[in-house]
Amino acid sequence: MTAMRGKAWKFGDNISTDHIAPGRLFHLRSNLPELAKHVLEDARSEFASSMAPGDFVVGGGNFGLGSSREHAPTIIKIAGVSAVLAKSFARIFFRNCINVGLPAIICDTDKIDEGDELEVDLLKGKVINHTKNIELSFPPLPPVMTKILQEGGLANYIHKYGDFKLK
Amino acid sequence: MGKTLAEKIISEHVGREVVAGEIVVTPVDVCLVQDGTGPLAINQLRKINLEKAANPQQTVLFIDHASPSPRKELANDHITLRQFARKTGCYVSEVGDGVCHQVINESFVRPGDIVIGADSHTCTAGALGALGTGMGSTDVAIGIALGKTWLRVPESYRFVVHGRFQPGVYAKDLILHIIGMIGADGATYKSMEFGGETIENMEMSERLTMSNMAVEAGAKCGIIFSDEKTREFLLKHGRGKSYRELWADEDATYERSFEIDASKILPTISFPHTVDNTRTIEHKDCQDVKIDQVVIGTCTNGRLEDLRIAAQILEGKKKHPDTRLIVVPASRKVYQEALEEGTLSILNQAGASIQSPGCGPCVGIHQGVLGDGEACLSTQNRNFKGRMGNPNGFIYLASPATAAAAALEGKIADPREVIG
C-alpha cells in the first residue's frame with residue numbers, strides 16, 4: 001500500500017448504494033466490469049466516463065448507506081478509484097470496502113473541494129491536499145481490518161491465513 | 001456487570017464475558033444470501049477454492065429479489081445458487097417461497113442465535129431475540145464456509161416505549177418516528193434494543209417491522225427480548241422447541257436511552273429520498289400528494305396481519321382509478337393463510353394486483369418499476385433515489401393502513417379517517 005495520488009470528485013451526504021449500483025442494473029451484478037461503467041451514475045452521471053484512474057471519491061456524511069451489496073465498493077474499485085473519503089460511512093459499506101481492498105478513509109471532507117489534488121498515505125494516516133496545501137489526519141483501522149486491507153481483501157486474507165487472526 | 005442483549009448473545013457464543021467495543025471472532029448459527037448477493041459470495045469462495053458450508057442445514061440461499069426471474073442474466077444467477085446448494089447441501093428457498101427475512105424467521109432463527117446475511121435487513125431476526133446483522137457477500141461467504149465471523153461488540157441504544165397506539169397507528173409509524181428522531185445515521189454501528197410495555201404487547205408481526213428497520217438508522221442490529229409471544233410464533237411455525245426466554249440484564253449499560261410515549265405517535269410518512277425525512281400525517285406537506293402506485297408487502301410489512309389491516313380498509317370498496325395497487329405477501333405461508341381466510345379475495349376485488357411472494361417492486365428490478373415523475377407510497381423500508389428502478393421516481397414510506405388509505409383516495413390520506 002503505497003501513497004496514492006489523484007483528483008477529488010465531490011459527492012454530498014447520504015450517498016446510498018442505490019446511487020452507486022442501482023437496482024435497475026441488478027442484472028449486471030455478475031458482470032462487474034460492465035456494471036462499473038455505471039458507477040455512481042445516479043449521483044453524478046458524468047463520473048464514470050470522466051474520472052481518471054487514481055482519482056478519489058469524496059463524500060459527506062453517512063456515505064454508502066443502504067443495501068449490503070458488495071458490488072457497490074467493488075465497482076468503485078474496478079473503475080480505478082484509489083480510495084473513498086467521507087466524514088462518516090454506513091457500517092456495512094465501510095466493512096465491504098475493506099473486504100474488497102478499497103481504502104475507506106474517515107476525515108473532514110469539508111476541507112476538500114471538487115478537483116483538489118490529493119495524496120493519501122495509508123500508513124501515516126494522512127491526506128495531503130496539494131491544492132489547498134493542508135494536511136488532514138485520519139484514525140487507524142482496527143488491526144484485523146488493516147490486515148485484510150493489506151492482503152487486498154477478505155478472500156485473499158482467508159486464502160492466506162485460513163482463519164481470522166485478531167492479534 | 002449487567003449485559004445488554006447484544007453483549008449477552010455474543011458472550012454466549014465466544015464462551016467468555018465480552019463488553020461493548022471488543023472485537024471478537026464468533027461462531028454463527030444461521031447464514032443467508034439472496035439472489036442479488038449470493039452469486040458474488042459463491043464466486044469469492046470459488047476463487048479461493050473454499051466452496052463448502054460449515055453448517056449446510058443452517059445456510060439458506062434465497063431466490064427472492066428477482067423472483068421469478070425477469071431476465072436471462074438473473075435466471076443464470078439463480079442457477080449458480082442452485083448448483084452451489086447441490087454441491088454443499090445448503091437449502092435453496094425457491095421462487096414463490098418468499099422474502100428471505102420472513103422465511104428465515106419463520107423457519108430457522110432461534111432466540112439467542114447469531115444470524116449473518118448478505119442483505120442489510122438481516123437485522124429483522126432481532127425480533128426473535130437473535131442478533132441478526134447484514135454484511136457483504138464476502139463476509140457471509142466466509143461465514144458459510146468457516147461457520148464464523150468477526151464482530152465488534154456494539155454499544156447499545158435502548159428505546160423504551162410506553163402506552164397504547166391510537167387506532168390507525170402501528171409499529172411502522174413508531175419505527176419511522178424513531179428514525180426521523182435520531183436520523184439515518186443516528187445509530188450507526190450500534191445495537192438498537194427495543195423494550196417497554198408497548199413492545200411487550202406487540203405481536204411478532206409488528207416486532208419484525210421494528211427490527212427490520214434498525215439498519216435504516218445505521219444500526220448493526222435491532223434486538224427485542226424473547227417472551228411468550230415469541231414462543232407462540234415459533235410454535236405456530238412448528239418450532240416450539242427452539243424457544244428460550246432472553247432479556248437484557250436490569251443493570252445493563254446503554255450508551256443512550258430514549259423514552260417514547262406510544263399514544264402520542266401519529267401516522268408517519270417518510271418523504272423522498274431518505275427514510276429519516278419524516279412527516280406526521282397532520283403536517284401540511286401531506287396535503288394533496290397524488291400517489292400513482294401503492295405497494296403493500298415486503299419484509300417490512302408483508303405479513304398476514306398487514307394484509308388484514310389493508311383488507312379491513314378496502315373491503316367492499318375499489319381503489320382509486322388513477323392509482324395502481326400492488327400486494328405482495330411476504331412468504332408462501334402468508335400467501336396461503338391470506339388466501340384461505342379470504343383476505344386476498346377482498347384485496348383482489350378492491351383492484352389489487354397480487355404478486356408472487358418475494359421482494360416485489362421494492363428493489364427496483366421488476367413488478368412495479370416507477371415511471372418518470374411518478375409517486376409511490378409503499379410499506380417497504382427504503383425510499384432512496386432510484387430504489388424502485390427509476391431515479392426520477394418519488395417514494396413515500398408508511399404503514400399498511402396509510403397505504404390502503406392512499407389506494408382508496410389516490411393521494412396521501414389519513415388512515416384514521418377510513419379505518420373500520
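Helix 5 of chain B is largely enclosed by the rest of the structure, because 9 of its 10 residues are buried. Keep in mind that this is a predicted model. The buried residues of helix 5 of chain B are B:Ser137, B:Thr138, B:Asp139, B:Val140, B:Ala141, B:Ile142, B:Gly143, B:Ile144 and B:Ala145. Just after this helix, B:Gly147 takes a positive phi of about 75°.

Now let's look at where the two chains meet. The contact draws 44 residues from chain B and 38 residues from chain A. On the side of chain B that touches chain A, the elements that give two or more residues are strand 1 (23-27), helix 2, helix 3 and helix 5 (137-146). Helix 5 of chain B provides the largest share of that side, with 5 residues.

Helix 2 (residues 38-47) and helix 3 (residues 72-88) of chain B meet at an angle of about 55°, and their axes are 9 Å apart. That angle makes helix 2 of chain B oblique to helix 3 of chain B. The crossing of these two helices is left-handed. On helix 2 of chain B, the contact is made by B:Gly38, B:Pro39 and B:Ile42, while helix 3 of chain B brings B:Asp77, B:Thr80, B:Leu81 and B:Phe84.

Here is how both contacts divide by residue class.

| Contact | Nonpolar | Polar | Charged |
|---|---|---|---|
| Helix 2 of chain B with helix 3 of chain B | 4 residues | 2 residues | 1 residue |

Notes: Residues are numbered from 1 along each chain as its sequence is written. Chains are lettered from A and ligands numbered from 1 in the order in which they are written. This is a predicted model: local features need pLDDT of at least 70, side-chain atom pairs count only at pLDDT 80 or more; totals for chains, interfaces and linings use all residues. Axes are lines fitted to C-alpha atoms, for helices over the stretch in contact, and angles run from 0 to 180 degrees between N-to-C directions. Helices (H or I, at least four residues) and strands (E, at least two) are DSSP runs, numbered from the N terminus. Angles under 35 degrees count as roughly parallel, over 145 as roughly antiparallel, 65 to 115 as roughly perpendicular and the rest as oblique. A crossing is left-handed if the near helix is turned anticlockwise from the far one by less than a right angle, and right-handed if clockwise. Two residues are in contact if their C-beta atoms, placed from the backbone, lie within 7 Å. Ala, Val, Leu, Ile, Met, Phe, Trp, Tyr, Cys and Pro count as nonpolar, Asp, Glu, Lys and Arg as charged, and the others, Gly among them, as polar. A residue is buried if 20 or more other C-beta atoms lie within 10 Å of its own, exposed if 12 or fewer, and partly exposed in between; C-beta atoms are placed from the backbone.
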